[in-house]
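Here is a short briefing to read alongside the model. Please keep the 3D view open and follow the residues as they come up.

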Amino acid sequence: YGGTSIGTLSCASAGNCVAGLSDQVKAYVVEEISGTWAAPQQVAANLSTGSSISSISCASAGNCAVVGDYGTAQVFVLNETGGVWGSAQAVSVSLIGGYAAAITSVSCASADNCVAGGYYTDNNGHNQAFVVTETSGVWGSAQDIVSDIGTSAWITSLSCSSVGNCAAVGSYYSYAGNYLTFAAASTNGVWGYVQQFTTSLSAGTAVIINSVLCVGVDYCTVGGYSASSGAIQA
């Protein structure tokens with residue numbers, strides 16, 4: 001596996017983890033089961049062109065979701081159910097006006113109930129945030145969740161505390177020309193709340209949120225940094 005690097009890791013419980021590997025051409029997972037690491041296993045081999053993993057989430061041991069990129073700016077989702085990895089499924093963004101995409105994060109509230117998100121490029125050449133939801137093992141269509149807050153927006157992190165109750169955070173490029181951040185939330189599976197963050201820490205320059213963790217419905221913590229006068233602060 002020359003040139004392979006670990007890009008993401010998720011642990012369902014002590015001694016039960018999955019790591020995602022990529023060598024720029026093929027995607028692999030390496031799994032720890034009851035404290036013992038197995039050999040790397042290629043996944044997404046059914047895709048016609050090269051693939052790489054960007055995020056993993058395991059709801060329980062042997063029940064995980066993997067998301068990543070393949071080909072030329074295309075994205076896929078992939079499930080492990082009962083310890084068996086399935087085939088990769090391409091996610092189309094054409095129905096929401098996109099022609100290229102990147103997927104950045106996935107979170108599983110329970111086995112076969114996950115949400116993944118990232119961004120797609122619209123017909124104007126701008127990035128727009130999207131999510132795709134898996135319900136009882138079936139992945140739905142891509143959905144645009146942020147609109148008209150700036151010229152571009154993209155998701156950096158997702159967290160689901162229970163099925164249908166999730167938070168997504170990301171960045172957007174404001175009409176004023178600043179990089180700022182947003183949070184979006186779903187309640188009972190419906191995305192409908194978006195909050196734009198503006199903070200005095202940024203002094204009008206840039207604010208980036210790159211991680212979110214939810215421990216209950218409407219109880220989440222985000223982390224990131226702001227840039228002001230050449231300094232970066234957490």
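Trp154, Tyr173 and Tyr179 form one aromatic cluster in this predicted model. Two aromatic pairs turn up when the whole structure is searched. The notes below begin with those rings, then move to the pocket, the overall fold and a few loop residues.

**The aromatic cluster**

- Trp154 pairs with Tyr179 in an edge-to-face arrangement, with 6.1 Å from centre to centre and 70° between the planes.
- This pair links distant parts of the chain, as Trp154 sits in strand S16 (residues 152-162) and Tyr179 in strand S18 (residues 179-187), 25 residues apart.
- How are the rings of Tyr173 and Tyr179 placed relative to each other? Their centres are 4.7 Å apart and their planes meet at 55°, so this pair is tilted; the edge-to-face class would need an angle over 60 degrees.
- Are the two tyrosines buried, partly exposed or exposed? Tyr179 has a relative accessible area of 40%, so it is partly exposed. Tyr173, with a relative accessible area of 31%, is partly exposed as well. Partly exposed residues fall between the limits of 20% for buried and 50% for exposed.

**The largest pocket**

- The largest pocket holds about 280 Å³ of space.
- Its lining is made up of 20 residues, and those closest to the pocket centre are Ala167, Ala185, Cys214, Asp218 and Cys220.
- Which elements give two or more residues to this lining? They are strand S17 (165-173), S18, strand S19 (190-197), strand S20 (206-216) and strand S21 (219-228).

**The chain as a whole**

- How many helices and strands does the protein chain have? The count is zero helices and 22 strands.
- A compact globule of 234 residues would have a radius of gyration near 17 Å, and the protein chain, at 18 Å, agrees with that.
- The C-alpha trace spans about 50 × 35 × 35 Å along its principal axes.
- Of the 234 residues in the protein chain, 47% count as buried.
- Take the contacts between residues at least 6 apart in sequence: 40% of them join residues at least 24 apart.

- Ala44 has a positive phi of about 60°, although it is not a glycine. You will find Ala44 in the loop between strand S5 (41-43) and strand S6 (51-60).
- Is Ala44 buried or exposed? Its relative accessibility is 6%, so Ala44 counts as buried; the limit for that class is under 20%.
- Asp112 also has a positive phi, near 65°, in a residue other than glycine. Its place is in the loop between strand S11 (98-110) and strand S12 (113-122).

**Contacts across the sequence**

- Thr81 lies in strand S8 and is partly exposed, with a relative accessible area of 38%.
- Thr81 and Asp112 are 31 residues apart in sequence, while their C-alpha atoms are 7.4 Å apart in space. Leaving out residues up to four places away in sequence, Thr81 touches Gly62, Asn63 and Asp112.
- Gly71 is in the loop between strand S7 (63-70) and strand S8 (74-81). With 42% relative accessibility, Gly71 counts as partly exposed.
- What does Gly71 touch, not counting residues up to four places away in sequence? The answer is Thr49 and Gly50. The C-alpha atoms of Gly71 and Leu47 are separated by 8.4 Å, and these two residues are 24 apart along the chain.
- Val25 has its place in the loop between strand S2 (16-22) and strand S3 (27-33).
- Val25 and Gly50 are 25 residues apart in sequence and 4.3 Å apart in space, C-alpha to C-alpha. Not counting residues up to four places away in sequence, Val25 touches Gly50 and Ser51.

Notes: Residues are numbered from 1 along each chain as its sequence is written. This is a predicted model: local features need pLDDT of at least 70, side-chain atom pairs count only at pLDDT 80 or more; totals for chains, interfaces and linings use all residues. Side-chain values use heavy atoms; hydrogens and water are left out. Rings of Phe, Tyr and Trp (its six-membered ring) pair if their centres lie within 6.5 Å; planes under 30 degrees apart count as stacked, over 60 as edge-to-face and the rest as tilted. Helices (H or I, at least four residues) and strands (E, at least two) are DSSP runs, numbered from the N terminus. Buried means under 20% relative accessible area, exposed over 50%, partly exposed in between (1.4 Å probe, protein chains only). On a 1 Å grid over the protein atoms alone, a cavity is a set of points where a 1.4 Å probe fits but cannot get out, and a pocket is an open set with protein on both sides within 12 Å along at least five of seven lines; lining residues have an atom within 4 Å of a point. Grid points are joined across faces, edges and corners, and a volume is the space filled by probe spheres set on the points. The radius of gyration is taken over C-alpha atoms; the globule rule is 2.2 Å times the number of residues to the power 0.38. Contact means heavy atoms within 4.5 Å.
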